[in-house]
Amino acid sequence: MNSFIKLGALAVEEVKELSTGGWAAENAWIMLVLPFVSALAILALGKRKKLWGSRIAIGMMSYVFLHGGWLWYLSITQGVVYEKAVSIGDVGQNFHLEWGWVVDGLSSMMYFVVGTVALLVFIYASSYMKGEKRYAGFFASLSLFAGAMLVLVASPNIVQLIVGWELVGVASYLLIGHYWENKENSSAGMKAFLVNKVADVGLIIGAIMVAVGAGSFRITEILHAAEEGTAGMTKVAVAGAGLLFIGAMGKSAQFPLHVWLPDAMAGPTPVSALMHAATMVTAGVYLLARFFPLYEGLGEPVRVYIMWIGAITLLLTGLLALVQTDLKKVLAYSTLSQLGYMVTAMGAGAYTAGIFHLFTHAFFKALLFLAAGSVIHAVHSNDMTDMGGIRKFMPTTYKTFLIGSIALAGLPPLAGFFSKDEILVGIDIANVTGNQFVLWTAIAGAFITPLYMTRAIALTFFGSYKGHGEPHEAPKTMTIPLVVLAALSVVAGWVNIPGVYTGFATWTAQRAEEMDLHHAESFDYALLTAGVVAALLGVVVGWRLWGKDAETQEARDTFEIPVLYPLLRNKYYLDDFYLWLVGLIKGPLARFVDWVNSYVIDTIVNAIGAMMVGLGGIVYTVLDQKGIDLFMNGLAGLAGGSGGKLRLLQTGRVQQYAGAFVLGAVVLVIAFVAIG
Amino acid sequence: MSIVPILILSSALFSLGVYGMLARRNAVMVLLAIELMLNAVNINLIAFEAAWGTVGAIGQVFTIFLITVAAAEVGIGLAIVILVFRNRATANLDDFTLMKG
């Protein structure tokens with residue numbers, strides 16, 4: 001069984017004997033179906049029993065958490081590789097549409113992350129959304145969101161992956177536009193959906209290309225073909241891999257398709273937490289991880305672009321986080337930046353580093369969002385200009401937010417430190433063009449991350465309170481998820497310490513297809529020092545800039561460099577550029593379509609219409625009026641007339657009827673007698 | 001014994017019944033007339049059975065059936081007549097022309 005796995009030169013631990021996972025793996029479908037069942041159940045009950053919305057959702061998610069956690073445990077201890085596919089139809093000769101699930105290191109890690117984060121977010125949301133509009137509907141959409149992500153993660157073939165992918169998109173649209181009464185919010189939902197659609201074009205074409213190239217929709221077979229260098233696959237591998245990456249760029253919000261993610265903050269905070277940590281933006285990184293052998297082998301030329309796009313994203317969006325006044329948007333840009341890290345790692349060929357960062361990031365980013373939501377809930381504003389000094393009012397929220405920030409900033413020994421360090425090493429040892437330059441970009445990112453987090457903490461939690469009223473600490477149902485996530489943010493990094501314990505690398509490498517791993521076997525102390533120094537420098541500089549309290553938050557937010565500041569405030573004018581581009585294409589295109597419409601199509605339509613009218617006239621006057629109508633009128637007249645006559649017979653006198661009856665009997669008797 | 005006198009009796013009874021049914025105006029009398037006709041049939045059945053019966057008392061069995069049916073019929077008929085009488089204070093059949101088309 002060990003031949004399934006070929007660990008790279010740097011891997012340190014021998015893989016244990018693989019198992020098929022037994023009952024839990026064979027019945028993983030329960031976990032995939034349950035969220036959809038619960039979404040329907042909530043919709044059915046929701047109108048009358050609102051509270052049941054959250055109860056059903058939390059109950060369902062608890063099961064997913066337990067099942068997912070158990071699978072992850074089995075995967076760690078036994079190395080489960082299990083794949084089940086049920087055929088639901090054929091396309092052409094060799095292509096089978098299948099529905100199934102995969103349980104291996106990568107997917108069970110995702111089940112665990114989705115289950116854990118979603119359960120905590122659901123519990124948190126049951127309190128956060130209390131008294132809000134469409135409470136039950138909100139939980140139905142959340143269940144759908146989690147279920148869609150599970151379907152995506154579980155897919156053994158590329159078709160199911162796309163189905164899950166689109167379901168995630170739909171659910172995100174519903175959730176971002178939850179407060180649709182406000183035009184801005186529904187537009188944000190629309191924007192997320194449309195930007196993702198643009199990327200999905202790439203995904204679908206890429207999927208078709210690699211499927212045709214490999215002769216199967218099955219991911220294992222596609223990857224197998226990529227490794228063997230099958231003729232059909234060789235031709236399409238680079239283009240297919242590139243197009244798949246465009247799909248990943250949409251969901252994982254890579255520059256320049258990242259514009260939807262900050263606007264997606266229009267949704268309620270639990271949605272942001274779920275979306276940023278577990279269910280949506282990780283989909284792109286997961287896609288890259290799932291198809292990693294393709295990028296490792298035939299699709300290798302694409303990796304340069306992946307790495308560079310990740311690097312650009314991590315730097316540019318990190319800078320944007322510095323100028324946001326909306327607390328949630330700071331975190332949104334931070335997510336973009338961290339996604340940049342993951343994608344860069346994938347591009348550099350550091351599979352373990354990329355998904356390890358996904359793993360740790362899920363916990364501390366969910367924590368940061370939920371803590372921010374707790375503050376927003378208390379202050380009734382997203383804006384950091386209304387905050388300040390919250391530390392005194394909400395100690396638990398403050399402490400957990402601080403832990404999340406330290407984990408995000410990459411300071412030892414919290415989770416982010418290990419994963420970020422792993423990424424830096426991965427980039428350093430990559431044999432991809434320009435990796436040294438990207439390495440310095442990543443170190444610059446490691447400086448920017450603590451800088452904006454320090455700013456956010458200083459403006460939110462320190463100084464004097466600048467809002468109205470007096471904020472109170474959130475209820476237990478909201479703080480307990482925060483504490484749990486804070487604990488996870490501390491320990492999540494310890495599963496992969498180079499040179500000490502590298503379980504995570506081994507666990508997630510357990511997959512049906514062979515793959516090479518680039519994995520750090522020990523700390524690279526130069527890089528480690530660079531990363532930590534950059535992070536500490538970020539904290540110090542951030543505190544020097546924003547630590548001082550001032551009369552207003554605007555005065556406190558003094559970081560304004562002439563050219564850079566407006567550029568950042570306007571998000572590099574990207575949204576304006578897109579609107580201009582759409583306007584540019586829309587005008588001539590619309591005019592052309594209008595011309596075609598009014599001169600070509602209209603003429604044809606009018607001619608056909610005129611012909612039909614003429615034909616109709618003939619049919620009406622000749623056939624209908626003179627022929628059929630005459631006949632029908634005759635029949636009706638006959639029926640009416642005879643009815644008029646016959647009704648006279650019905651006098652209502654019983655004895656007349658009896659008389660007629662006797663007469664009839666007499667006639668019959670005479671007839672029988674006459675006949676003999 | 002010749003069957004003819006019996007048949008004459010039954011046809012006389014039947015004719016009386018037909019006349020009564022068609023000519024009387026009172027609903028109760030009409031019901032009585034119908035009973036006459038049924039009994040004429042009963043007499044016929046027994047007479048034919050006595051004269052030519054081969055497999056047992058089929059005619060008698062039929063007669064017993066007929067008596068039962070007649071009793072039920074009179075029960076229902078009288079109930080209807082009583083209800084109609086209560087509603088309209090008359091048992092004259094000529095007044096019951098609600099079903100006129």
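In counting charged side chains, Lys and Arg are taken as positive and Asp and Glu as negative, whereas His and the chain ends are not counted; the place of each charge is taken as NZ of Lys, CZ of Arg, CG of Asp or CD of Glu. On this basis, chain A holds 41 positive and 43 negative side chains, and 13 Å lie between the centres of the two sets. In chain B, 5 positive and 5 negative side chains are present, with the centres of the two sets 14 Å apart.

The structure is a predicted model, in which local features need pLDDT of at least 70 and side-chain atom pairs count only at pLDDT 80 or more, while totals for chains, interfaces and linings use all residues. Residues are numbered from 1 along each chain as its sequence is written, chains are lettered from A and ligands numbered from 1 in the order in which they are written, and side-chain values use heavy atoms, with hydrogens and water left out.

Chain A is divided into domain 1 (12-569) and domain 2 (576-642), the bounds coming from an automatic or database domain assignment. The centres of domain 1 of chain A and domain 2 of chain A, taken over C-alpha atoms, are separated by 53 Å. With helices (H or I, at least four residues) and strands (E, at least two) defined as DSSP runs numbered from the N terminus, chain A has 27 helices and 2 strands. Chain B, by comparison, has 3 helices and 0 strands, and its elements run α-α-α from the N terminus on.

Residues are called buried under 20% relative accessible area, exposed over 50%, and partly exposed in between (1.4 Å probe, protein chains only). Buried residues account for 54% of the 676 residues in chain A, and for 25% of the 101 residues of chain B. Where contact means heavy atoms within 4.5 Å, 79% of the contacts in chain A between residues at least 6 apart in sequence join residues at least 24 apart.
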